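User: I'm new to this one. Please take me through it a piece at a time.

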Amino acid sequence: MKHFIYGNQQRIFLNTALGCPARCQYCYLPHIGLGYAPHSISAEDALALFYQSDDFIPGSHGTILSLGCYSECWDDENKSETMKLLSNLVTHENYIQMSTKQMISREELKEIDSLALYPGQIVIYLSVPTLLHSKELEPGTAEPQERLSPLQWMPELKNLRFALYMKPVIPNVTLEDAPVYGRLMETYQVPAIVGPLLVTGRGTVLVGEGDLKEIDNDESIILQDILAQHGDVYTHSTQLIDSLRTTKNY
């Protein structure tokens, strides 16, 4: 059951699957032994492992809970288990975050929104590291416009918060879409997460349990500087949660 639940007091990752069939060309999973045929467990089993952890600190100033990172938490196989996780975890009042390259429908958004106990408790990161080249680089994902469709339903949602997620910044690819990202940030008043690639190697990042590291990328810095003219930009998703804790909104 290794890898399904891991982390520390600041952040714990919960996975109901290990591996992802999307076959994104920049994916780090194959490099740490996780392939395209996911191995899954139930939400109940994941929660049982989670509650064995001594690191979990309940409450809005406690442990940040991240769904996925070793899988796509909103594909057809996982979304029902993800909803079960959300239904249980929100009761502790911790901040919860999830990133997806799949489409979340209007009805699904309203269901997730109804679970949150306060504004910003659940943050959904809409992962779009490329718009122009998604078809060839992300063959098993939803079209970028489908992934971004939740933004149009924001006025109907009380508690959910969203961010654009350009992580990783793909060299010679992601920067091409900077003008579109900027317009989306201004139109919908959402922040952005912009960060470099993760590659195999000993590192300090929590994702990968010490087997991955970030590689410096000048294009990440350039994109951050460009998008900072349009709204809030963060390097790590947890920085947005820290901001929400301070402001209770963004």
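User: Let's start with helix 3: which of its residues are buried?

Analyst: Quick background: this is a predicted model, where local features need pLDDT of at least 70 and side-chain atom pairs count only at pLDDT 80 or more, while totals for chains, interfaces and linings use all residues. Residues are numbered from 1 along each chain as its sequence is written, and side-chain values use heavy atoms, leaving out hydrogens and water. Helices (H or I, at least four residues) and strands (E, at least two) are DSSP runs numbered from the N terminus; buried means under 20% relative accessible area, exposed over 50%, and partly exposed in between (1.4 Å probe, protein chains only). In helix 3, residues 106–115, the buried ones are Glu108, Leu109, Ile112, Asp113 and Leu115.

User: Helix 2 has come up, so how do helix 1 and helix 2 lie relative to each other: parallel or oblique?

Analyst: Axes are lines fitted to C-alpha atoms, for helices over the stretch in contact, with angles from 0 to 180 degrees between N-to-C directions. The axes of helix 1 (residues 43–50) and helix 2 come within 9 Å and cross at roughly 40°. Angles under 35 degrees count as roughly parallel, over 145 as roughly antiparallel, 65 to 115 as roughly perpendicular, and the rest as oblique. Helix 1 and helix 2 are therefore oblique.

User: Which residues of helix 1 and helix 2 make that contact?

Analyst: Helix 2 brings Glu81, Lys84, Leu85, Asn88 and Leu89. From helix 1 come Ala43, Glu44, Ala46, Leu47 and Phe50.

User: Where is Ser149, and how far is a polar atom of its side chain from the backbone oxygen of Glu146?

Analyst: Ser149 sits in the loop between helix 5 (144–147) and strand 8. With a relative accessible area of 10%, Ser149 is buried, and beyond four places in sequence it touches Met103 and Ile104. A polar contact is a pair of N or O atoms within 3.5 Å; within protein, one must be able to donate a hydrogen and the other to accept it, and residues adjacent in sequence count only if both atoms are side-chain atoms. From the Glu146 backbone oxygen to a polar atom of the Ser149 side chain is 2.7 Å.

User: What separates the C-alpha atoms of Ile96 and Ile122?

Analyst: Ile96 belongs to strand 6 (residues 96–100) and is buried at 0% relative accessible area. Its contacts beyond four places in sequence include Leu65, Leu86 and Ile122. Ile96 and Ile122 are 26 residues apart along the chain, and their C-alpha atoms are separated by 4.8 Å.

User: Is Gly120 buried or exposed?

Analyst: Gly120 is in the loop between helix 3 and strand 7. Beyond four places in sequence, Gly120 touches Tyr95, Asn159, Arg161 and Leu244. Its relative accessibility is 0%, so Gly120 counts as buried.

Methods
Contact means heavy atoms within 4.5 Å.
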